[in-house]
Amino acid sequence: MICQLSGTSSIELPALNGSGVAPLAYFTPLLVSSTVLYCLSRRADHIERTAAVPLAVIDAAFVASVFVLCLAAGLVTGFDNARNVLLLTCIGLLISQVGNSASGMATGMMLMIASIVAGRGPGGSHAWWAVVLYPSNSIPAWSLTAVLLAVTGIRSVKASGRP
């Protein structure tokens, strides 16, 4: 929906290679991943103490539903922004376990900007490390996303104190 609203709008960015204009739709995955990270970092101790269901359970269900929806959208429709939402959210969750949610959000944003600024080459090519620029049918990009998803899930379970 947000991609449709942004239409063909673009943002001017400095570029090391190629054009310095990036479609606004490249940045829409940041909205979802930043929202997920923000919601998970809230400090709601008073709600946690009175909740009938522990909020960690609701948080896990929320994150899992975001991941399932993104996987379904990406695999069924070939939507590369769905893969990028998964990728940026997983990276943000891993970084926020070491730092905080702001550092996780900033890491995703910097990865996106670095990929657009330095990862694009002439003729629509991209650097090997600029995974967010890979086309939607890229097996290496989906494989890396699946590995990050598994690592994030394992780290999250260990961080919550479960075996």
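Trainee: What kind of model is it?

Mentor: It is a predicted model.

Trainee: How many helices and strands does the protein chain have?

Mentor: The secondary structure comes to 7 helices and 2 strands. From the N terminus on, the order is α-β-β-α-α-α-α-α-α.

Trainee: And what share of the residues is buried?

Mentor: Buried residues are 36% of the 163 residues in the protein chain. As for contacts with a separation of 6 or more, 58% of them are between residues 24 or more positions apart.

Trainee: On to packing. At what angle do α2 and α6 pack?

Mentor: Helix α2, residues 28-40, and helix α6, residues 101-118, pack at about 170 degrees, and their axes are 9 Å apart. Angles over 145 degrees count as roughly antiparallel, so α2 is roughly antiparallel to α6. The crossing of α2 past α6 is right-handed.

Trainee: Which residues meet there?

Mentor: From α2 there are Pro29, Leu30, Ser34, Leu37 and Tyr38, and these meet Ser101, Gly104, Met105, Gly108, Met109 and Met112 of α6. By class, that contact has 7 nonpolar, 4 polar and no charged residues.

Trainee: How do the axes of α5 and α6 compare, in distance and angle?

Mentor: The axes of α5 and α6 come within 7 Å and cross at roughly 140 degrees. That makes α5 oblique to α6. Here too the crossing is described as right-handed.

Trainee: Which residues make that contact?

Mentor: On the α5 side they are Leu88, Ile91, Gly92, Ile95 and Ser96. On the α6 side they are Ser101, Ser103, Gly104, Thr107, Gly108, Leu111 and Met112. The class count for α5 with α6 is 5 nonpolar, 7 polar and no charged residues.

Trainee: That leaves the pair α2 and α5. What is the angle there?

Mentor: α2 and α5 pack at about 35 degrees, with 8 Å between their axes. Their crossing is right-handed. The α2 residues in the contact include Val32, Val36, Leu37 and Leu40, and those of α5 include Val85, Leu88, Leu93 and Ser96. By class, this contact has 9 nonpolar, 7 polar and no charged residues.

Trainee: What else is Ser96 in contact with, leaving aside neighbours within four places in sequence?

Mentor: Leu37, Ser101 and Gly104. Leu37 is one of the α2 residues that meet α6, and Ser101 and Gly104 are among the α6 residues in the contact with α5.

Trainee: Changing topic: is Ala141 buried or exposed?

Mentor: Ala141 counts as buried because its relative accessibility is 0%, and the cut-off for buried is under 20%.

Trainee: Which helix is Ala141 in?

Mentor: Ala141 is in helix α7, residues 139-159.

Trainee: What does Ala141 touch, not counting residues up to four places away?

Mentor: Ala141 touches Arg83, Val131 and Tyr134.

Trainee: And how far is the C-alpha atom of Ala141 from that of Asn84?

Mentor: The two C-alpha atoms are 9.2 Å apart, while the residues are 57 apart along the chain.

Key:
Residues are numbered from 1 along each chain as its sequence is written. This is a predicted model: local features need pLDDT of at least 70, side-chain atom pairs count only at pLDDT 80 or more; totals for chains, interfaces and linings use all residues. Side-chain values use heavy atoms; hydrogens and water are left out. Contact means heavy atoms within 4.5 Å. Axes are lines fitted to C-alpha atoms, for helices over the stretch in contact, and angles run from 0 to 180 degrees between N-to-C directions. Helices (H or I, at least four residues) and strands (E, at least two) are DSSP runs, numbered from the N terminus. Angles under 35 degrees count as roughly parallel, over 145 as roughly antiparallel, 65 to 115 as roughly perpendicular and the rest as oblique. A crossing is left-handed if the near helix is turned anticlockwise from the far one by less than a right angle, and right-handed if clockwise. Ala, Val, Leu, Ile, Met, Phe, Trp, Tyr, Cys and Pro count as nonpolar, Asp, Glu, Lys and Arg as charged, and the others, Gly among them, as polar. Buried means under 20% relative accessible area, exposed over 50%, partly exposed in between (1.4 Å probe, protein chains only).
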